[in-house]
Every structure is written in structure tokens, then in C-alpha cells.
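Here is a short briefing on one protein model. Look at the structure first, then read the points below.

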Amino acid sequence: MSEKSLALSMKGVSKKFPGTIAVDDVDFDVYAGEVHALVGENGAGKSTLMKMLAGSFDDYTGTISIKGKETKLHSPAMAKAVGIEMIYQELSLALPLSIAENVLVGRLPVRNGIIDRKKLTEDAAAALSRVGLEYLDPMKPIEDISQHEAQLVEISKALWNNPGILVMDEPTSALSREEVERLFTIIAKLKNEGLAIVYISHHLPEIFRVADRVTVLRDGKKIGTKNIHEVKREEVVQMMVGRSIREFYTKRDHSIGKDRLVVENLSRWGFFHNVSFTAREGEILGICGLSGAGRTELARVMVGLDSASAGTVTLEGKRVSARRM
């Protein structure tokens, strides 16, 4: 990385809350044209560290330098002013408003005291083309586009400020495999344009796919930084949790028993349809899917919070009504 310029340098930064030190004397840096992954278990200090960078906490100790210049980040506005943009897991888009209004919020073009709709559309179209969304009508409401498209609109919104540093917090949490691949293509493009990217994720395969380096936090402390091609996944996990990954997967002998819960063709129209499965004694059955796939709605019907449209639920051999149990 020596041939690249340092976009961000955090030296000895710490943040205390009453009764705890959330970030303890951490060094963290990112080069222009680099994807630097930040990983750790929940509570490791990742979010606190990035909130310091975003200007949400101004009572930190240590120093933060942007492009070699030490900067005190007192507010989110100041962070944006020095070229820092954050993309959080929960998107900050107003669903009823148009894509263009969301992308240029706070910077809407004005002519003769009123919004210049023509320039608004042109500017938004230019921003969308940077993330591969040139096919979208900038005046379409956010609520009429897909989750993946909304994620890319959020990125285009951040890029419209021409940042030098982009922080992405769990950007693939609600995306399909194909959508994740398209996002990775965009990240590679931004990296080649010289953007410094901080990538936060719990999915290690993603880290090893997109990152150049990875920094591990544990209990608020920096455990280490590794070049991604010089470290194995098992080593990263061990750095995160403090012990060997083998300790998590000790073999246990147990037997699988009879059916305890049987769900057949359970449906709630508009949410999920014809779902069938069996849970047996001695096993853990996982139900997974992307956001909006119907997982929560299925669980609500099974416990009686919502009514089923069709299907049956049998518990320990006894038929149970799935309509307001």
C-alpha cells in the first residue's frame, strides 16, 4: 500500500461511556483505492469507532487525520465537509419521495427561487449512472423500486458529495446472491476510482472477496490488521473471539426423535404460500430468507398472532388451529 496515499488515519482513539470503554486506544487507517474491512463480534466497538469518524461523538480522545491533516470531527456536517460518507444498514431514504429528491436531498437545484426540475432530473440521472442505475426514472418514488436498487440509490446519494472515504455497514444484509455480485462490481469500480472504502460485515466470505486488508476489534481493542491474502479465515475468527474455531464445533452425540411439530401447506395470502416442514425431537430447524421473504409472518401465524389463510399446524400429534390460536 506504500504507493497509495493515506486517506484516513486514526491514532490512539478512545471513547468512553459510563461504566465502559467502548473503543480503547485503537489505530486504524485506510488508503485511497483500498477496501479495508472492519470486523468483530457484536459489541466489539466497530459501530462506535465509525460513529466517531462520522462526527456523532465529539468527546473522543486520540487523533483523526484526513489526507494527512489532523481534523477534529465535532459533528456529522463536519465529517461530510471533509469527505466522509456513511452508508448504514438501515437506509436513510424517504420512501414516498422520488429517487432524485432522495439523492440530492439538501442540495436540490434552484432557479429563480423554485426547484429546477430539469436540472434535478439530469443531476440525479448522472448520479444513478455511476452505480449502474441509468435505466431508472429519477422521478420514480423510492417505494416503487427493489431493495437492491434502493441500496444502490443510497450509494449514489453518498457519492454525489464526492467523498474521499466511504463507510459501508453490512451493505449486503438484505440482498440476494445476484444482487451481492452486482454490488461487488460497483465496489470494485469505486476502488479503481481511488475511493477509500471501509467495509463492515459479519460475512467472512465477503471480506475475503472484496477487501485488501482486514482489521479485527475485540472488546473495544484492536487485535490486529492483516493483508487479506496473508491470512486465513480461521485466523480471523480466532482473532475475533479469542480462541480456536475448533472449540465452537465440538462433536456432540445426540439422537433425533419423533416429529414434534408438523406444518403442512400453511399460507397467509400475500405473505407466504404453501409452506410445509417438520421439526423433530433433538434437532434445531432453521428458517431463513431475505428481508420480506415471509419469515416473520410465518412465525406470527404459527404462534397465533396472525391468522392463516390455509394449511394446518400439528403439535405433538394434536391439530392446532392456525387461526388465532
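Helix α1 (residues 46-53) lies across β1 (6-17), β2 and β4. Helix α1 runs at about 115 degrees to β1. Lying across involves contact, meaning heavy atoms within 4.5 Å. Axes are lines fitted to C-alpha atoms, for helices over the stretch in contact, and angles run from 0 to 180 degrees between N-to-C directions. Helices (H or I, at least four residues) and strands (E, at least two) are DSSP runs, numbered from the N terminus.

This is a predicted model, in which local features need pLDDT of at least 70, side-chain atom pairs count only at pLDDT 80 or more, and totals for chains, interfaces and linings use all residues. Residues are numbered from 1 along each chain as its sequence is written, and side-chain values use heavy atoms, with hydrogens and water left out.

**The sheet beside the helix**

- An open sheet is formed by 4 strands in the order β2-β1-β4-β5, with antiparallel pairing. Two strands pair if DSSP finds at least two bridges between them.
- β2 (20-31) and β5 (69-70) stand at the edges. Each has a single partner strand, so one side of each is left without a neighbour in the sheet.
- β4 (residues 61-66) pairs with β5 in the antiparallel sense over 2 bridges. Ile-66 has Lys-69 in β5 as its bridge partner.
- Lys-67 lies in the loop between β4 and β5. Its phi is positive, about 55 degrees, although Lys-67 is not a glycine.
- Lys-67 counts as exposed at 67% relative accessibility. The classes are buried under 20% relative accessible area, exposed over 50%, and partly exposed in between (1.4 Å probe, protein chains only).

**The whole chain**

- The protein chain has 9 helices and 16 strands.
- Its C-alpha trace spans about 70 × 55 × 40 Å along the principal axes.
- Of the 325 residues, 43% count as buried.
- Among contacts between residues at least 6 apart in sequence, 60% join residues at least 24 apart.

**The largest pocket**

- The largest pocket has a volume of about 300 Å³. On a 1 Å grid over the protein atoms alone, a pocket is an open set of points where a 1.4 Å probe fits, with protein on both sides within 12 Å along at least five of seven lines. A volume is the space filled by probe spheres set on the points.
- The pocket is lined by 17 residues; lining residues have an atom within 4 Å of a point. Lys-80, Glu-85, Met-86, Tyr-88 and Ser-92 lie nearest the centre.
- α2 (76-81), β6 (84-87) and α5 (147-159) are the elements that give two or more residues to this lining.
- The lining divides into 8 nonpolar, 3 polar and 6 charged residues. Ala, Val, Leu, Ile, Met, Phe, Trp, Tyr, Cys and Pro count as nonpolar, Asp, Glu, Lys and Arg as charged, and the others, Gly among them, as polar.

**Strand β13**

- Asn-265 is found in β13 (residues 259-268). Asn-265 has a positive phi near 50 degrees and is a residue other than glycine.
- Asn-265 counts as partly exposed at 43% relative accessibility.
- Ser-267 also lies in β13, but counts as buried at 0% relative accessibility.
- Leaving aside residues up to four places away in sequence, Ser-267 touches Phe-272, His-273, Asn-274, Ala-308, Ser-309 and Ala-310.

**His-203**

- His-203 sits in the loop between β10 (196-200) and α7 (204-210). His-203 is partly exposed, with a relative accessible area of 40%.
- Not counting residues up to four places away in sequence, His-203 touches Glu-170 and Thr-172.
- The C-alpha atoms of His-203 and Thr-172 are separated by 9.2 Å, and the two residues are 31 residues apart along the chain.
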